[in-house]
Amino acid sequence: MSAEPLLRLEQVRRSFDRGHIVALKGLDLAFKANESVAIVGRSGSGKSCLLNIATGLDRPDAGRVLWQGRAIGERQEWARLRRSAIGIVFQEFHLLPTLTAQQNVELALMSGALGRHEQSQTAASALERVGLSGRAGQLPSELSGGERQRIAIARALVREPAALFADEPTGNLDSGNAEAVERLLFDLQAERQMALVLVTHDERLAERCDRLVRISDGEVVEDRPTERMAA
Ligand SMILES: Nc1ncnc2c1ncn2[C@@H]1O[C@H](COP(=O)(O)OP(=O)(O)O)[C@@H](O)[C@H]1O
Ligand SMILES: [Mg+2]
């Protein structure tokens, strides 16, 4: 076991509007393999910005991001990481509307080594794991919000990533669907031994993680084990 964290942000700065809005103010943060971390903070505190930079969807103005101790810079390196090691789930699901549930999940396997038949089988078993075998042929528009998010989770996990990032994954769901999606995320984290980084403003959900990181005005103002861990 290496002592190196899975992912590290070093002195990450990000501003908008020619520097008038500073979203991240030289932020240092590391995530270990296999831990679940809640990122909490008020709306506008920089949580999504942090997540986008941690997954290479956005670039910092200054500072760097290291994956297993190695600084990741190139766009292609990030794309490769997102295909192989990093899964992302968004509040708005981001499914392709003209593709079925099955095809949305298969898309994540297209650039890999699997043949057509294996892609299809792997996607089908991911859909089965999230409880949607019976919905594989439906379009997103024919599914509920909770079902759409479960497809997005299947898509994010089909490559068996070492880390799953989720930005307010239950933000668009009613409480029943939110609970099902939360349970699925934590069950999958335990099964797959992956890191889970969960952006949420739900403090109750945050306490289900191992660690809580609070962001305020682009800075880490609290970083502690949750009460669940302290117990
Ligand atoms: N593309 C953008 N252009 C201008 N300002 C932005 C952009 N993205 C984020 N911001 C600003 O950066 C700050 C942090 O935003 P964000 O990370 O989305 O917050 P959170 O996810 O915590 O609600 C906010 O002040 C937001 O308005
Ligand atoms: Mg946000």
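Start with the largest pocket, which holds about 510 Å³ of space. A pocket here is an open set of points on a 1 Å grid over the protein atoms alone, with protein on both sides within 12 Å along at least five of seven lines; lining residues have an atom within 4 Å of a point. Grid points are joined across faces, edges and corners, and a volume is the space filled by probe spheres set on the points.

Before going on, some ground rules. This is a predicted model, in which local features need pLDDT of at least 70, side-chain atom pairs count only at pLDDT 80 or more, and totals for chains, interfaces and linings use all residues. Residues are numbered from 1 along each chain as its sequence is written, chains are lettered from A and ligands numbered from 1 in the order in which they are written, and side-chain values use heavy atoms, with hydrogens and water left out.

**Stop 1**

Now colour α2 (75–84), β6, α3 and α5: each supplies at least two residues of the lining. The largest share, four residues, comes from α2. Helices (H or I, at least four residues) and strands (E, at least two) are DSSP runs, numbered from the N terminus. By class, the lining has 12 nonpolar, four polar and four charged residues. Ala, Val, Leu, Ile, Met, Phe, Trp, Tyr, Cys and Pro count as nonpolar, Asp, Glu, Lys and Arg as charged, and the others, Gly among them, as polar.

**Stop 1: the cavity**

A search of the whole structure turns up one cavity of 30 Å³ or more. A cavity is a set of grid points where a 1.4 Å probe fits but cannot get out. The largest cavity has a volume of about 50 Å³. To find it, select Ala126, Arg129, Val130, Ala154, Leu157, Val158, Leu188 and Arg192, which line it. Helices α4 (116–129), α5 and α6 (175–192) each give at least two residues to this lining. Six of the lining residues are nonpolar, none is polar and two are charged.

**Stop 2: the sheet**

Switch to cartoon. Six strands form an open, mixed sheet in the order β6-β7-β8-β3-β9-β10. Its edge strands are β6 (86–89) and β10 (219–225), each pairing on one side only. Two strands pair if DSSP finds at least two bridges between them. The twist averages 15° from one strand to the next.

Move to β9 (residues 211–216). Six bridges join β9 to β10, and the two run antiparallel. Four bridges join β3 to β9, and these run parallel. Select Arg214: its bridge partner in β10 is Glu222, and Arg214 is itself the partner of Val40 in β9. Arg211 has Pro225 as its bridge partner in β10. Where the β9–β10 hairpin turns, two residues lie between the strands, and Asp217 takes a positive phi near 45°.

**Stop 3: helices on the sheet**

Select α1 (residues 47–54). This helix packs on the sheet, touching β3 (36–40), β6, β7 (163–167), β8 (195–199) and β9. Contact means heavy atoms within 4.5 Å. The direction of α1 makes about 150° with that of β7. Axes are lines fitted to C-alpha atoms, for helices over the stretch in contact, and angles run from 0 to 180 degrees between N-to-C directions.

Why is α1 largely enclosed by the rest of the structure? Six of its eight residues are buried. They are Lys47, Cys49, Leu50, Leu51, Ile53 and Ala54. Buried means under 20% relative accessible area, exposed over 50%, and partly exposed in between (1.4 Å probe, protein chains only). After α1 comes Gly56, whose phi is positive, near 75°.

Next, select α5 (residues 145–157). It lies across β6 and β7, running at about 170° to β6.

**Stop 4: two loop residues**

Select Ser45, in the loop between β3 and α1. Ser45 counts as buried at 5% relative accessibility. Which residues does Ser45 touch, not counting those up to four places away in sequence? They are Ala23, Ile215, Ser216, Asp217 and Gly218. Ser45 and Val22 are 9.9 Å apart, C-alpha to C-alpha, and 23 residues apart in sequence.

Finish at Thr100, in the loop between β6 and α3 (101–107). Is Thr100 buried or exposed? Thr100 is buried, with a relative accessible area of 15%. Leaving aside neighbours within four places in sequence, Thr100 is in contact with Ala136, Gly137, Gln138 and Leu139.
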